[in-house]
Amino acid sequence: MITLDNVHKAFGTNHVLRGVNLHVAKGTSMVIIGGSGTGKSVAIKSVLGLVSPDAGTITVDGTDVTQTDRDAFLARFGMLFQGAALFDSLPVWQNVAFRLLRGSLAKPRDEARDIAIEKLRRVGLTPDVADRLPAELSGGMQKRVGLARAIAADPEIIFFDEPTTGLDPIMAGVINDLIREIVHEMGATTMTITHDMSSVRTIADHVAMLHAGKIRWTGPVSEMDSAGDPYLDQFIHGRATGPIEAVR
Amino acid sequence: MRILAAIGHLVLGMLAAIGRVSLFGIATLRHALTPPFYPREFGLALLNIGWLSLPVVGLTAIFTGGALALQIYAGGARFNAEAVVPQIVAIGMVRELGPVLVGLMIAARVTSSIAAEIATMKVTEQIDALVTLSTHPMKYLTAPRVVAATLVVPLLVGVGDIIGIFGGYAVATGTLGFNAAAYIQNTVDFLQLRDITSSLAKGAVFGCIAALMGCYFGMNSGRGAQGVGRATKGSVEAAAVLILAANFVLTGVFFSL
């Protein structure tokens, strides 16, 4: 469904992506792992058009993402950002229903609010949260609101950028379980980037490791531990010594 | 040679910046004229830039008008021209001090606020989130603010002009012994339509500059708290300098031709 073919991206002299090849099949959950600064976010943002690759092609359902109608293309996506990226000036329900209040997916205001409250309930938040401002919520609640916003329009494809960063282990587990349940329910295709190995084991069908601007290893999550790749092995066990330099 | 190279580098940098701001302004205009439109954002911008700026504009204008009356009276007394206080207060406020002070107050209050808000949105990925939600940031954030400021700042300038003249009137009639009815009559008789239209036109241009600079610096901010701080500081500096430069040009256009 989503294919990255020899994607390159540099910021000045910093070559972040050096020929990324990756395929995510429809209805599967792909988790991209890798050290900080290895270009995981850049790869995911390249698919959405938030970053323009210098070379290579990215296709979704065989169509080059640069050749599609932008609104129709983005309407197929949902995204949970690392810091939730909620709009400070809008109450929670308007954040969740943002896409449903304007543009091609616009619905009547009452209907949009009802959908927002239903999605909030789905991520374990009570309706009284709906009229609060994002700044009044804890980090975990903000992440859940971000998740509710990502699924509000029932997208076909959902991206999760570091979904558990900054959360305590219990809340991280709650978010991981929620993502897994929701993705199963919706049958969505997902790409997740994370450093959190418990997220990987909960969320992933397939795993790809990004290192030095390329996909170092990719395969089913069940084969990750026995893959025998020293880079992957060092990363998943969090060893300070190994082929990946600890000081980068 | 090094000095020449440095000067050349500076000039090229300035020209590039002017080019970037011009392209940003053209893009803003294009997004302001083509749908989708965001009336809620426009309404909020009108409220924030217009209504909520009234106290600071009013206070600035009344004190400036009062001080102007005192200065003109004291200066005029040196050559027996104290009687020109109403005329000079009116012309000074309407032609120059009203638009410029309101413009600078808007730069301080609104430009900084817009730049800090948008820069923070950029740093916290809210701008990226807008894009993923099929909403163009220029349409949603920039166009409503720039259009609202262009429309509402002339009204603020008009209010500032009136309050400034009232400040002069209050001082002149309260402490300098001017006759109230004569003061008002002199003010009304002396002002010309061109004075008022120039004042409002300056307000529109200054409002546009103030909002555009806030949006431009916010959208192009660097990372982190330092990036937000630099964007805010840069936006106010640029807006203030451009407002004063535009005032000089517009004064020439309206009164030298």
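**Helix pair in chain B**

I looked up helix α4 (residues 85-123) of chain B and helix α7 (residues 180-190) of chain B in this predicted model. Their axes come within 8 Å and cross at roughly 50 degrees. I noted the crossing of α4(B) past α7(B) as right-handed.

Next I listed the residues that meet. From α4(B) they are B:P86, B:Q87, B:A90 and B:I91, and from α7(B) they are B:Y183, B:N186, B:T187 and B:F190. Sorted by class, this contact between α4(B) and α7(B) holds five nonpolar and three polar residues, with no charged residues.

**Chain B as a whole**

I found nine helices and zero strands in chain B. Chain B has 257 residues, and 44% of them count as buried. Along the principal axes, the C-alpha atoms of chain B fill a box of roughly 65 × 55 × 35 Å. I also checked the contacts in chain B with a separation of 6 or more: 88% of them join residues 24 or more positions apart.

**Contact with chain A**

How many residues of chain A are in contact with chain B? I got 16 from chain A, against 11 residues of chain B. On the chain A side, α2 (70-74) and β6 (77-80) are the elements that give two or more residues. The chain A residues on that side divide into 10 nonpolar, three polar and three charged.

Note on methods: Residues are numbered from 1 along each chain as its sequence is written. Chains are lettered from A and ligands numbered from 1 in the order in which they are written. This is a predicted model: local features need pLDDT of at least 70, side-chain atom pairs count only at pLDDT 80 or more; totals for chains, interfaces and linings use all residues. Axes are lines fitted to C-alpha atoms, for helices over the stretch in contact, and angles run from 0 to 180 degrees between N-to-C directions. Helices (H or I, at least four residues) and strands (E, at least two) are DSSP runs, numbered from the N terminus. A crossing is left-handed if the near helix is turned anticlockwise from the far one by less than a right angle, and right-handed if clockwise. Two residues are in contact if their C-beta atoms, placed from the backbone, lie within 7 Å. Ala, Val, Leu, Ile, Met, Phe, Trp, Tyr, Cys and Pro count as nonpolar, Asp, Glu, Lys and Arg as charged, and the others, Gly among them, as polar. A residue is buried if 20 or more other C-beta atoms lie within 10 Å of its own, exposed if 12 or fewer, and partly exposed in between; C-beta atoms are placed from the backbone.
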